[in-house]
Amino acid sequence: MEKIEAFRASDGTLWENKDKAERHELFLQKDMIVEEFLDNDINPYKALAQRSIARTTIINWELWKNKNAE
């Protein structure tokens with residue numbers, strides 16, 4: 001048996017990687033506002049695949065911004 005390190009998000013999901021756990025946690029915090037933006041007419045990316053890419057990009061931007069804020 002091997003002991004492993006894991007990170008638990010506020011929704012109970014477990015992540016073996018801290019960065020992925022942080023990204024998921026940020027997604028949980030920003031989900032409603034991101035979805036509101038994606039549903040808005042200003043968002044040209046309506047197809048499912050495009051919407052997924054846009055959502056991931058927004059979350060990654062927010063994560064980067066938080067880590068690089070001065």
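How many salt bridges does a search of the whole structure find? The search finds 7 salt bridges, each being a side-chain nitrogen of Lys or Arg within 4 Å of a carboxyl oxygen of Asp or Glu. The structure is a predicted model, in which local features need pLDDT of at least 70 and side-chain atom pairs count only at pLDDT 80 or more, while totals for chains, interfaces and linings use all residues. Residues are numbered from 1 along each chain as its sequence is written, and side-chain values use heavy atoms, with hydrogens and water left out.

Helix α1 covers residues 18–39. Helices (H or I, at least four residues) and strands (E, at least two) are DSSP runs, numbered from the N terminus. The helix has 22 residues and reaches 30 Å from its first C-alpha to its last. That is close to the 32 Å expected at 1.5 Å a residue, where the expected span is 1.5 Å times one less than the number of residues. At K30, α1 bends by about 65 degrees. The bend is the angle between axes fitted to the seven residues ending at a position and the seven starting there.

The N-terminal end of α1 is capped by N17. A side-chain oxygen of N17 lies 2.8 Å from the backbone nitrogen of D19.

Several residues of α1 are buried: A21, H24, L26, V34, E35 and L38. Buried means under 20% relative accessible area, exposed over 50%, and partly exposed in between (1.4 Å probe, protein chains only). The cover over the buried residues of α1 includes β1 (7–8), β2 (14–15) and α2 (48–67).

The largest nonpolar core has 6 residues. Its members are L26, V34, L38, A54, I59 and L63. A nonpolar core is a set of buried Ala, Val, Leu, Ile, Met, Phe, Trp, Tyr and Cys residues joined through side-chain atoms within 4.5 Å. Helices α1 and α2 are the elements that give two or more residues to this core. One core member, L38, touches N43, K46, R51, A54, R55 and I58, not counting residues up to four places away in sequence. Contact means heavy atoms within 4.5 Å.

Polar residues also line the helix. H24 lies in helix α1 and is buried, with a relative accessible area of 16%. The side chain of H24 makes a polar contact with the side chain of T13 at 3.3 Å. A polar contact is a pair of N or O atoms within 3.5 Å; within protein, one must be able to donate a hydrogen and the other to accept it, and residues adjacent in sequence count only if both atoms are side-chain atoms. Not counting residues up to four places away in sequence, H24 touches A9, D11, T13 and W15.

K67 pairs with D19, the closest N and O atoms being 3.2 Å apart. This pair links distant parts of the chain: K67 is in helix α2, D19 is in helix α1, and they are 48 residues apart. K67 is partly exposed, with a relative accessible area of 49%. D19 is partly exposed as well, at 40%.

E35 lies in helix α1 too. The side chains of E35 and R51 meet in a salt bridge at 2.7 Å, N to O. E35 in helix α1 and R51 in helix α2 are 16 residues apart, and the pair links distant parts of the chain. E35 is buried, with a relative accessible area of 19%. R51 is buried, at 14%. Leaving aside neighbours within four places in sequence, E35 is in contact with R51 and R55. With the side chain of R55, the side chain of E35 makes a polar contact at 2.7 Å.

R51 has a further partner. D39 forms a salt bridge with R51, the closest N and O atoms being 2.7 Å apart. D39 lies in helix α1 and R51 in helix α2, so the pair ties together parts that are 12 residues apart in sequence. D39 counts as exposed, at 53% relative accessibility. Salt bridges that share partners join E35, D39, R51 and R55 into one network.

The segment before β1 contains K3. At 81% relative accessibility, K3 counts as exposed. The C-alpha atoms of K3 and D31 are separated by 33 Å, and the two residues are 28 residues apart along the chain.
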